[in-house]
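Here are some notes for a colleague on backbone geometry and charged pairs. Please read them with the structure open.

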Number of protein chains: 4
Amino acid sequence: MDYMNGPGRNHLFVPGPVNIPDQVIRAMSRQNEDYRSPAIPALTKTLLEDVKKIFKTTTGTPFLFPTTGTGAWESALTNTLSPGDRIVSFSLGQFSLLWIDQQQRLGFSVDVVESDWGYGADLGVLESKLRSDSQHTIKAICIVHNETATGVTNDLHAVRKLLDAYRHPALLLVDGVSSICALDFRMDEWGVDVALTGSQKALSLPTGLGIVCASPKALEAAKTAKSVRVFFDWKDYLKFYKMGTYWPYTPSIQLLYGLRAGLDLLFEEGLDNVIKRHTRLGTATRLAVAAWGLKNCTAKEENFSDTVTAVVVPPYIDSSEIVKHAWKRYNLSLGLGLNKVAGKVFRIGHLGHLNELQLLGCLSGVEMVLKDIGYPVKLGSGVAAAAAYLSNSTPLIPSRI
Amino acid sequence: MDYMNGPGRNHLFVPGPVNIPDQVIRAMSRQNEDYRSPAIPALTKTLLEDVKKIFKTTTGTPFLFPTTGTGAWESALTNTLSPGDRIVSFSLGQFSLLWIDQQQRLGFSVDVVESDWGYGADLGVLESKLRSDSQHTIKAICIVHNETATGVTNDLHAVRKLLDAYRHPALLLVDGVSSICALDFRMDEWGVDVALTGSQKALSLPTGLGIVCASPKALEAAKTAKSVRVFFDWKDYLKFYKMGTYWPYTPSIQLLYGLRAGLDLLFEEGLDNVIKRHTRLGTATRLAVAAWGLKNCTAKEENFSDTVTAVVVPPYIDSSEIVKHAWKRYNLSLGLGLNKVAGKVFRIGHLGHLNELQLLGCLSGVEMVLKDIGYPVKLGSGVAAAAAYLSNSTPLIPSRI
Amino acid sequence: MDYMNGPGRNHLFVPGPVNIPDQVIRAMSRQNEDYRSPAIPALTKTLLEDVKKIFKTTTGTPFLFPTTGTGAWESALTNTLSPGDRIVSFSLGQFSLLWIDQQQRLGFSVDVVESDWGYGADLGVLESKLRSDSQHTIKAICIVHNETATGVTNDLHAVRKLLDAYRHPALLLVDGVSSICALDFRMDEWGVDVALTGSQKALSLPTGLGIVCASPKALEAAKTAKSVRVFFDWKDYLKFYKMGTYWPYTPSIQLLYGLRAGLDLLFEEGLDNVIKRHTRLGTATRLAVAAWGLKNCTAKEENFSDTVTAVVVPPYIDSSEIVKHAWKRYNLSLGLGLNKVAGKVFRIGHLGHLNELQLLGCLSGVEMVLKDIGYPVKLGSGVAAAAAYLSNSTPLIPSRI
Amino acid sequence: MDYMNGPGRNHLFVPGPVNIPDQVIRAMSRQNEDYRSPAIPALTKTLLEDVKKIFKTTTGTPFLFPTTGTGAWESALTNTLSPGDRIVSFSLGQFSLLWIDQQQRLGFSVDVVESDWGYGADLGVLESKLRSDSQHTIKAICIVHNETATGVTNDLHAVRKLLDAYRHPALLLVDGVSSICALDFRMDEWGVDVALTGSQKALSLPTGLGIVCASPKALEAAKTAKSVRVFFDWKDYLKFYKMGTYWPYTPSIQLLYGLRAGLDLLFEEGLDNVIKRHTRLGTATRLAVAAWGLKNCTAKEENFSDTVTAVVVPPYIDSSEIVKHAWKRYNLSLGLGLNKVAGKVFRIGHLGHLNELQLLGCLSGVEMVLKDIGYPVKLGSGVAAAAAYLSNSTPLIPSRI
């Protein structure tokens, strides 16, 4: 029997992979093609041009690696740094941890700045490190924009301002996996040197594209970076860009067409409207959590994430039971608590191709799960709080006005 | 700009066409084939055998017409009756009206039994007609099992008992368009002579199959019925059934594969579980309506429909504004009030491939729409009432236990 | 085991259903929608406007019935004629025969003009009938433009000229099922009153749309035509056209989107280029047949069909063995000989979404089948003859120049 | 205008990406899922078990990397070797060259054994190197099973026999990108230590899976290999295999379902039948090339490739014009000559989901292109030669007997 069979739709609220628009599924339902014909380069050209818009960059150079976010991380690091290089990296949850693990295994000297889980990157520590680094031994700052495990959004602009204040030349490398296309992100304005995301996150595609964007300064650094790399090497891509054939090795044709369809939808809605929609859905979720009398894992309001909410459960409840039960009874997919917060939080992903009524369906499901599992929730309370906010803030759908 | 583009999914809650399972969409995403090869007859054979199960018949003969419900009506009538034949037909809403219009245009002498909209078929009148018809001038009783315009379910078993009580030989022709595969329907047990449905209703397929099932008595009647018919003639089908090629003219290959996938899902869930699910969703919807302080268009509890609820709005509200607004702001598709109840009711379809959280998403959307449109609803009230019931009645998904 | 599984693609060369473009399959791979929202009427409006172009009419009114070609026939007849009306109808193959059968069962007085199978409509007989019909008892002329069973194309313009010569007011009803969108067809110029086709033929869609186009004169006739009709009644459509909602009953949403995609492709190639392509593929096929030393079932060159070629096999071969063997060994679907020519001809359909190399693959397959079955064919001979012609006549693909 | 639009199908005969079965496209046309639910691990488990069969191994451990063949190469090398390790690598065409380039950039000491393009790996040189390497300084032998640029298949069994003869412990790393699932390949029997392929080759899927299979000896080597690796590290996978969750980072859900469908088709046909089909198609292609009077780029019969044929054109013809013209006029995609043979050869890929009539369509197209471009080919000659062979060797389709 197929696990996925069940009455009605699966309600997908993990913080990635996310719901794919039908238009994208359709665009990808296609045969292979010869990627050396004129068709694929012509398509790729438009994609590279348009993908810059989601990074809000005009000077950056994007790469569409056939990989995942983990590969995109590796590409960002190995193209800009040399083994032994000192980097400052913020640890604040499972995904920043995994990136730090990668940084260490790739041979960098990682200066880890710890935060308690639920807290943002400790920029005070960064400042002191920058202040004392007149020798510029720090080659890069690595930071996740949005820590998916705890629902913490960091202030990238503040990092840039610190670097500028100390005229520090360190590269700024940003994991935008659960932020780009959903949260306010400004590569050029904030002086981000490498930003990256994965196709299965806010872009709402299947997994398979690791999208990396490099600033001119990062491209310059790549010329001397000594980290070993071949598959993830920007150099090969740049060579093929110049030739106009774009691909040093075979791309996924289907994902390219999917990306085209996804970007078209994104631009039709308007990137800023997309970001506002995420603010709306994030706010509504937090209002529901408060109405349930539960705590947000994110300690401070300034770090509230509009793409994922980690909800802390009372000590007498195992949050993984919530996730299991939601899936088994209501066809609702929630995110598990990971590592330090395993059993303690469950996560509601509210990013990507999603609207108000989908979220309210999810919230009503969470309420029922909480009740089933023994938490004294008032059914309807979270939905009511969220709906009160949404009914005041949801705009008309532009194509239907 | 494409009207259908909007953030997130369309929430489809009209009482047909309904949500299609992804498995069915996949199964239908295919090339044409030669329908005279052995493949299509082999497939058709399994379909005809399995389709009987949804009618709960072992003695009936099904026909899969490439048409809609309207065509299925025509097939039921023209194959069993002759021009001028007297039939008793119940008028209780827009769809029974349309069927009566068809009956009249096809030249039958239609004895219309009127009910106020919101009320069920008046079986008292039927009884008096049967009692006085010792000559058996009534050739057929035509009744919709579930009137989609008002959300009224009729008691077919009671009709059969009346016919039996008066030993009346009239054929019993049933429109099961919005009932079969969702409500309790028993062709053999209730002595239904022709039953019919459309693929886009509870079967959760695209429009395009008018499924008609004939009892042995109906097949016998077809031999002498003088109504003119060619496209809808059972005789041609029966001839090709006998030859084992099944199709007198080209079928939709895609819909046949879709039907196969749809039936497989249905039987995996279990037809009786499907019916229970509809009872659950129907009950939950009615609890929400009551919590909102609104009236069900269906007057009596015995006629409550588990596939569609027609909600009466206060006189100061135009229900078509509700439908328009739901679509424009929340990507929610609700059913309009039709004909006599235009402007007075809106309809929530809760049939087909649908689960609890989808319904709760819809109900939360209706609440917001009601508030937006000026009705003093307490946000969350309907969802809470529905969820309280659902959290006590929803079973675990069998494939995940 | 699934009959359709086999290494590589199925080579579909029956004269319908035909190969569907991937773009159309993609466009149709979608959810249901509320057909009463503004989206479907807006789409329908463009379809009705554009569908006129494939009929080459500006004055005609098209109807998109959710039915097949057989249903479209019925719609053409019942909307324009009354029971007992005298019609002249040409019998020249299985499909004209089936139409005549329908005409008789619908109660018309059918004046059948017979031709031997393989010959075109006998216009000499028509002329004598028209000449002697000064009372205008003939209400309609019914003719298939292209008889799919024998590969015979009739001269519609000549029919029109005869009617005009005798100033005869009879309606001209044309079955364009295997011609429209593939052969030269001019509704307005040739004074056709009703023309019809099915979606699974040259339009290259799945089965499910019976497309009927009525001249103003035909619409006028519909006002007094007494044939019983409801599902196929134009009147209901016209009423909904006027209201701007377009559909008296539920359409197949998927087929509407498919038709949109199909028409877009058609117009991108250019209807006249499409017709030229069919001339090219038809000519190439006939050259191959001649090279094999086999006879075309079509007796006269003037009737050669560019959409289907019926190939006569020697008496010692059963053509149905050819069809069976092609399917079993080479995954090649050919058309059977029907009725009078069963066992005597097999048919190669060369219509719809098809190009030169697909046809040459088919022809090479037919050669191997002929050899396997015991006919002394020279392998490569037919392909060589076809290729010699095609390499001189195939244009560059416009999008790639 | 969309380059891919054109009448009829694209004829895809590049040696990858290849034609995808419709069943696979359907299986992949689906939503994202939570890959941490029980569904994806359950699916993955069957895939890992079944994928071993295509390598003909029972002792190997497979990895399904979300990457391409280039990434799979990198995974094979970095998991088993340390920087500075001496490896023997055969250079015989563009793809072996690219792999050697990667080996060098990854920091290995590459002992390159050159062959002229068109010739197989020089095992004589290998033997002398092994003979003189009593110190076992050679850590690995790297060889492409099938060089896609020249259509040269190497004798892997012979390599194993040499290693055994000299009791040499070097690892045997094999690029099976254009061989596995199409040519005879036996991981266990031939003592291959790492074998790899890409999903878009003979497996007939979209690009996106780099499938790597490691022998127990390779897994053992991985424990001490010092090459830097994170994304491509087997260790992380093995850890998650042990936990039963299988994925250290997000997989492409769609490709997993596609792989399931592809393997099901493969096993239904039977792997040995698939290999025989490739032999048949390869042989037929070579017979056509000979009939055209053209030379195979592959010098010796023992190296003839059954997945790709590189055809040498006369000096007065630029082979890239052939490729361009085939695409522009006949919608036929052929492979370019690469690097040393650019302009000198064009390539016909005959691997993956492909049957006899598709190939004959391609060959007829090549004939027309050759004629168009000025080569004096006798039209039909190649098709005739191929068909003569195929009509004697093609079996009936098992599902249709």
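1. In which loop of chain C is C:Ser204 found? The model is predicted, and in it C:Ser204 sits in the loop between strand E9 (194-198) and strand E10 (210-214) of chain C. Its phi is near 65 degrees, a positive value in a residue other than glycine. Most residues other than glycine have a negative phi. C:Ser204 counts as buried because its relative accessibility is 4%, and the cut-off for buried is under 20%.

2. A positive phi is also found at D:Lys56, about 50 degrees, although this residue is not a glycine. D:Lys56 belongs to the loop between helix H2 (39-55) and strand E2 (61-65) of chain D. With 29% relative accessibility, D:Lys56 is classed as partly exposed.

3. Two peptide bonds deserve a look. The bond from B:Gly16 to B:Pro17 is cis, with omega near 0 degrees. In chain C, the bond from C:Gly16 to C:Pro17 is cis, again with omega near 0 degrees. Most peptide bonds are trans. B:Pro17 lies in the loop between strand E1 (11-13) and helix H1 (22-28) of chain B. C:Pro17 lies in the loop between strand E1 (11-13) and helix H1 (22-28) of chain C.

4. How many salt bridges does a search of the whole structure find? Over all chains, there are 93. Side chains of opposite charge can pair when their charged atoms come close. Some examples follow.

5. C:Asp111 and C:Arg86 form a salt bridge through their side chains, at 2.6 Å from N to O. This pair links distant parts of the chain, with C:Asp111 in strand E4 (residues 109-114) and C:Arg86 in strand E3 (residues 86-91), 25 residues apart. C:Asp111 is buried, at a relative accessible area of 18%, whereas C:Arg86 is partly exposed at 23% relative accessibility.

6. Another salt bridge in chain C joins C:Glu356 and C:Arg280, whose closest N and O atoms are 2.7 Å apart. Because C:Glu356 lies in helix H12 (residues 356-373) and C:Arg280 in helix H10 (residues 271-291), the pair ties together parts that are 76 residues apart in sequence. Both C:Glu356 and C:Arg280 are buried.

7. In chain D, D:Glu269 and D:Arg277 make a salt bridge, with their closest N and O atoms 2.7 Å apart. Both D:Glu269 and D:Arg277 are buried. Elsewhere, salt bridges that share partners join A:Asp101, A:Arg105, D:Arg229, D:Asp233, D:Lys235 and D:Asp236 into one network.

Key
Residues numbered from 1 in each chain as written. Chains lettered and ligands numbered in written order. Predicted model: local features only at pLDDT ≥ 70, side-chain atom pairs only at ≥ 80, totals over all residues. Heavy atoms only, no water. Helix = DSSP H or I, 4+ residues; strand = E, 2+ residues; numbered from the N terminus. Buried < 20%, exposed > 50% of the residue type's maximum accessible area, 1.4 Å probe, protein only. Salt bridge = Lys/Arg side-chain N within 4 Å of Asp/Glu carboxyl O.
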